[in-house]
Amino acid sequence: MEIRVDHVTRVEGHGNILASIKDGKVERAILEVVEANRFFEGFLRGRSHEEVAHIATRICGICAMSHSSASVQASEHALGIEITEQTALLRRLIMDAEMVSSHALHVYFLVAPDLLGLKSVIPLVEKAPDTVKLAFRVKLTGYDLADVLVGRHTHPVAVVPGGYTSMPDPTALAQMRDRFIGLRDDMKTTIGILKTLELPAFERETEYVSLQQPDHYSFYGGDIVSTDGGRVSPDDYLDAIQEFLVPHSTAKHSRWNRDSYMVGALARVNNNWKQLHPKAQKVMEELGFKPPVYNTFMNNVAQFIETVHAIEDAIELMEKLLARGIKEEEVPPITRHGRGVGVVEAPRGLLIHDYTYDDGARLVKANCIIPTNQNYANIDRDLEALAAQIANQPKEDVELKLEMMVRAYDPCISCSVH
Amino acid sequence: MVSDKPRVAFFDFACCEGCQLTVLSIGLPLIDVLKHVDIVTWREAMSEKSDEFDIAFVEGSICRDSDVPRLKKIREKAKLVVALGSCAALGGPHVSANRFEKSELLTLVYGEEAGRFAAGEAGEVRPIGDEIEVDVSIYGCPINADEFVSVLKHLLLGRPYRVPNEAVCYECKLNGYECVYDKGMICLGPVTRCGCNAICTSRGHRCFGCRGLVDDPNVNAAKDVLEEHDYTLEHIIGMFQIYSQRAPRVKELAESAAESDAKKKGSEPWRFGSTT
């Protein structure tokens, strides 16, 4: 059986699935990446730190907040800019906003149709209008919080190294808090729906890599940790993560302790579930998610669990910011020029920006490691394992399930070929 | 299923797909718009595909020659082609990769194996209009969702769409925002195409020129504003190159700026961007 799916749908970017199965044996199963390179690392050179923040964000339209946050964090570390407590709180809140909007897009719009035997969410507009409205509501509430915080989700306006060009309006922020509280009902409804859906059976243990903070579930900053053992500080990521090239991809693959590892919601929940908000832990139990989970398709359940967590975390952060009172703050000064690394958990996993600036605060070197790059090797291993498991099924079923496997990762393909 | 509604398709080339996401983020009003069309191809959002469509929205720029045949095929099939966002309309932020040699960029990213990718990556970064005829351009990085809906309505009604051709200053002043120059920052608003409702200056930042130059920029007036605040064209040319590297006027300015900069700084290499 020869399988070729050109331009896998309901993912970001262009990738093809190629598989050969002979007499029930998998000879090959890979995700071919054919996306054009945009060379961000090349043309960021020569730019001032403020322009770098504006440009680097545009690596990805879907995780724009993550790129913006990793970018300014890298610039701040490189230029010795100390951020204030208020800025740190806002950074965490921005990541929650992105997690809610991005996970909602993936779970409701891109994955759910597969589980309902549909090809897109469009037929649901007539069949289940309330569910479509719910999906838009969750997604756009995350999106609208980004508008209030930084002007726009894609692409943020007010974010600069050291802080913001303007602060969120407290009245608008209070309204967003109320809308986030309103999402609790939507989460309950979604749990009910999720319980009626069935994910494909699959199990393959791998190495799970994520950030880890000592005192809270991290979407922003912390050490890089692996389930295979190993913990590195962001500055030393090159001691752990090795990028390498394969013939079938314009994007790089990555490995650490073994030949592949996984980043993203499943890796984060597996590594840090004890730090999830109690409400998210309760949802985890209710959905029968018992970490460590080795079914890659459960990444989408992990995304939902994180959505519940991010909503609760955002409500708490907004309460805290409103109670402190939002203050206008000057952007702190540059105190040195050198190298700095920024790390965040994008919805799709660990994201690293590594910059070096010259004495004139102009970028001379950039390296960006995208979550999807880190997942590619693992996607290929999973495609092989899944193809072997379903080798005797009809061709269209094999095709669909292999596509679903790629989709489970929520890949950001054009972002990976930045 | 035969329907007489216009058939709409979305395609993308090199970009971040943020403009398609902006369309999706219109939310419920999008569903109302969709009642008047049939979306037949939208890889990012649905699995159905069709080669029969009337209106093609194309996001992304052309970065390599090997992408041209797919773009030309879209043009052949479509009655109308809309450039969706600044990558398609201007080349996008990565248009400034053209400042560097492609071979050098390939080596930077792929190291010793760069040669393997060279053939597939040939060609400059360029807007889709360099390869095919474009009927309407929606500018912006990303697009403004309201403008997308407005363009679609015009196309469905068969009315010509007037692309905004005033400077961002016009919208900024209408909103009553403080002039960015008065705050001590350089801003590209005086010569950049509006239609964004001055979103960047609304949040205390400056205009980065993401919608490109207006058709006939008032360069002399812009020079006056710069001089008034002790800046020269050289200060802003690097900023213009973020989005408008391919605009002939910007190319000319870059050459003259590079010359005068070289004179000033002796053997110092020419640097891009504004002074900070």
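Author: Start with the open sheet of chain A. Four strands build it, in the order E8-E7-E6-E11 (chain A), and the pairing is mixed. Strands here are DSSP runs of E with at least two residues, helices are runs of H or I with at least four, and both are numbered from the N terminus. Two strands pair if DSSP finds at least two bridges between them. Strand E8 (231-232) and strand E11 (261-262) of chain A stand at the edges, each with a single partner strand, so one side of each has no neighbour in the sheet.

This is a predicted model: local features need pLDDT of at least 70, side-chain atom pairs count only at pLDDT 80 or more, and totals for chains, interfaces and linings use all residues. Residues are numbered from 1 along each chain as its sequence is written, while chains are lettered from A and ligands numbered from 1 in the order in which they are written.

Now the pairing. Strand E6 (residues 207-212) and strand E7 (residues 223-226) of chain A run antiparallel, joined by four bridges. Gln212(A) stands opposite Asp223(A) in E7(A). Helix H9 (residues 265-272) of chain A packs on this sheet and touches E6, E7 and E11 of chain A. The direction of H9(A) makes about 75° with that of E6(A). Such angles run from 0 to 180 degrees between N-to-C directions, with axes fitted to C-alpha atoms, for helices over the stretch in contact. Contact means that two C-beta atoms, placed from the backbone, lie within 7 Å.

Step back to the whole of chain A. Its secondary structure comes to 14 helices and 14 strands. The radius of gyration of chain A, 21 Å, agrees with the value near 22 Å that a compact globule of 418 residues would have. That radius is taken over C-alpha atoms, and the globule rule is 2.2 Å times the number of residues to the power 0.38. The C-alpha trace of chain A spans about 65 × 45 × 35 Å along its principal axes. Of the 418 residues in chain A, 58% are buried. Buried means 20 or more other C-beta atoms within 10 Å of the residue's own, with C-beta atoms placed from the backbone.

Five strands form it, open and parallel, in the order E2-E1-E3-E4-E5 (chain B). The twist averages 20° from one strand to the next. Strand E1 (residues 7-12) of chain B is joined to E2(B) by four bridges, and the two run parallel. Arg7(B) stands opposite Asp38(B) in E2(B). Helix H7 (residues 145-157) of chain B lies across strand E3 (55-59), strand E4 (80-84) and E5 of chain B, at about 165° to E5(B). In total, chain B has twelve helices and five strands.

Finally, the two chains meet. The interface puts 49 residues of chain B in contact with 48 residues of chain A. The largest share of chain B's side, four residues, comes from H5(B). By class, that side has 26 nonpolar, twelve polar and eleven charged residues. Nonpolar covers Ala, Val, Leu, Ile, Met, Phe, Trp, Tyr, Cys and Pro; charged covers Asp, Glu, Lys and Arg; the others, Gly among them, count as polar.

Key:
Buried ≥ 20, exposed ≤ 12 C-beta atoms within 10 Å, placed from the backbone.
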